[in-house]
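Have the viewer open and follow along.

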Amino acid sequence: MKRANSFSVLPDAIYSNRETIVEIILEGVQQGGYGSIGRALAECKKLSTLKIRNCSLGQQKLRAFLPCLMECPVKSLVLSCCGLTSKSVRKLTRILAHHGVKRDTLAWQGDLRSGTGKNKPTFAQRNRLIDRVAQEGIVSLDLSFNPLGDEFVQQLCAALRADKWIMALDLESTGLTMKGLSAVWDMLQDNKTILQIRLGRGLSTASEKAIVKRIKDCLVVRRREKFAEFTMCKLETGAPCSLCT
C-alpha cells in the first residue's frame, strides 16, 4: 500500500513498484499532476483498491484516471469528497459498463469451459466461477461527500439496473432528495446483486425516511439470502461452514 500527500515523487515510485502495488490511497492532495499519476497507475496490473479522498479532482481531472480504471482489476473504488458533480456521471457509467462487459464475457467463457449436460457445473462450482470473475472489476463504489444531486444518481441507477457485479454503493451526503432516493429504490427492483447502499443520515422528511427504511429492509433480506446461498455452497462441497461447527 502507498499513501501520498504529494505528487512530486509519487508517479516514479508507483511505476517502479508497478508489479507489486495492490492499493493506492491519495488523500488531501490539492495540486495538479493527475495525468502523470494516472499514467503510472495504468501500469499497475495488480491494483485492486484505489482510494481518492479530499482531492481537487472534479470532472476534468477524473479523465486522467480513465486508463487505469478501464484496464486495472480495481475492485474497490473510492472517490470521496473530490468535487465530482452531475457532469461526471458519463465517465463513471462508462467505467462501470466496461467492467460489466468484461466480466460478462469472462463468465460466459467460463461456462463454456465448464461443459454442458452431465458435465454441467454444480451450483457450488457456478458460484465459485462467479466469485472469481467478480474480482476482475469494481464491486464496491464510494461516491460519498460529492455534490452529485438527483440527476447524477438517476443516471447512475439507470446504468446499474442491469449490472450484475456491483455489490456495495456509498451515496452519503451527495445531495439526494426524494427523486434520487426513488431512483435507488426503483433500481433495486431490477438489480438483484447490490447488497449494501449507504445513504447517510441527512434525510429529514417523513417520505425520505420511509423510502430509506424500505431500501435498508430490502438489503437486509438480500444479505440473509446471500448468506444462506453461501452456506449451501459450503455444504455441497463438503467444506465446513459456520452453521455446522
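Let's settle one term before anything else: a residue is called buried when its relative accessible area is under 20%. Serine 80 has a relative accessibility of 9%, so it counts as buried. Keep in mind that this is a predicted model.

Where does that serine sit? Serine 80 belongs to strand β4, which runs over residues 76–80. Setting aside residues up to four places away in sequence, serine 80 touches Ile52, Arg53 and Asn54, along with Asp142, Ser144, Phe145 and Asn146.

**The overall picture**

The chain has nine helices and seven strands. Of its 245 residues, 44% are buried. Take the contacts with a separation of 6 or more: 80% of them are between residues 24 or more positions apart.

The largest nonpolar core counts 61 residues, and Leu50, Phe65 and Leu143 have the most contacts inside it. Helix α8 (residues 178–190) supplies the largest share of this core, with six residues. As for leucine 50, its contacts beyond four places in sequence are Ile24, Leu41, Phe65, Cys68, Leu69, Val74, Ser76, Leu77 and Val78.

**Rings and charges**

How many aromatic pairs are there? The count is one. The pair is tyrosine 34 with phenylalanine 65, in an edge-to-face arrangement with 6.0 Å centre to centre and 70° between the planes. These two come from distant parts of the chain, 31 residues apart: tyrosine 34 is in helix α2 (residues 34–41), while phenylalanine 65 is in the loop between α3 (58–62) and α4 (66–71). Tyrosine 34 is buried at 3% relative accessible area, and phenylalanine 65 is buried at 1%.

| Charged end | Ring | Distance to ring centre |
|---|---|---|
| Arginine 18 | Tyrosine 15 | 4.0 Å |
| Arginine 214 | Tryptophan 185 | 4.5 Å |

**One side of α2**

Back to the helix that holds tyrosine 34. The buried residues of α2 are Tyr34, Ile37, Gly38, Ala40 and Leu41. Why are they on the same side of α2? They cover an arc of only 160° around the axis, and that puts them on the same side. In general, an α-helix has 3.6 residues a turn, so residues three or four places apart point the same way. The buried residues of α2 pack against α1 (10–16), β2 (23–27), β3 (49–53), α3 and α4.

Cysteine 55 is in no disulfide, and the nearest cysteine sulfur, belonging to cysteine 82, is 5.3 Å away. A pair of cysteine sulfurs has to lie within 2.5 Å to count as a disulfide. Cysteine 55 is buried at 3% relative accessibility, and cysteine 157 is buried too, with a relative accessible area of 2%.

**A partly exposed loop residue**

Is valine 22 buried or partly exposed? With a relative accessible area of 39%, valine 22 is partly exposed. You'll find valine 22 in the loop between α1 and β2. Its C-alpha atom is separated by 4.0 Å from that of leucine 47, although the two residues are 25 apart along the chain. Not counting residues up to four places away in sequence, valine 22 touches Lys46, Leu47, Ser48 and Thr49.

Note on methods. Residues numbered from 1 in each chain as written. Predicted model: local features only at pLDDT ≥ 70, side-chain atom pairs only at ≥ 80, totals over all residues. Heavy atoms only, no water. Helix = DSSP H or I, 4+ residues; strand = E, 2+ residues; numbered from the N terminus. Buried < 20%, exposed > 50% of the residue type's maximum accessible area, 1.4 Å probe, protein only. Contact = heavy atoms within 4.5 Å. Core = buried A, V, L, I, M, F, W, Y, C linked by side-chain atoms within 4.5 Å. Phe/Tyr/Trp six-rings, centres within 6.5 Å; stacked < 30°, edge-to-face > 60°. Lys NZ or Arg CZ within 6 Å of the ring centre and 35° of its normal. Arc of directions from axis to C-beta.
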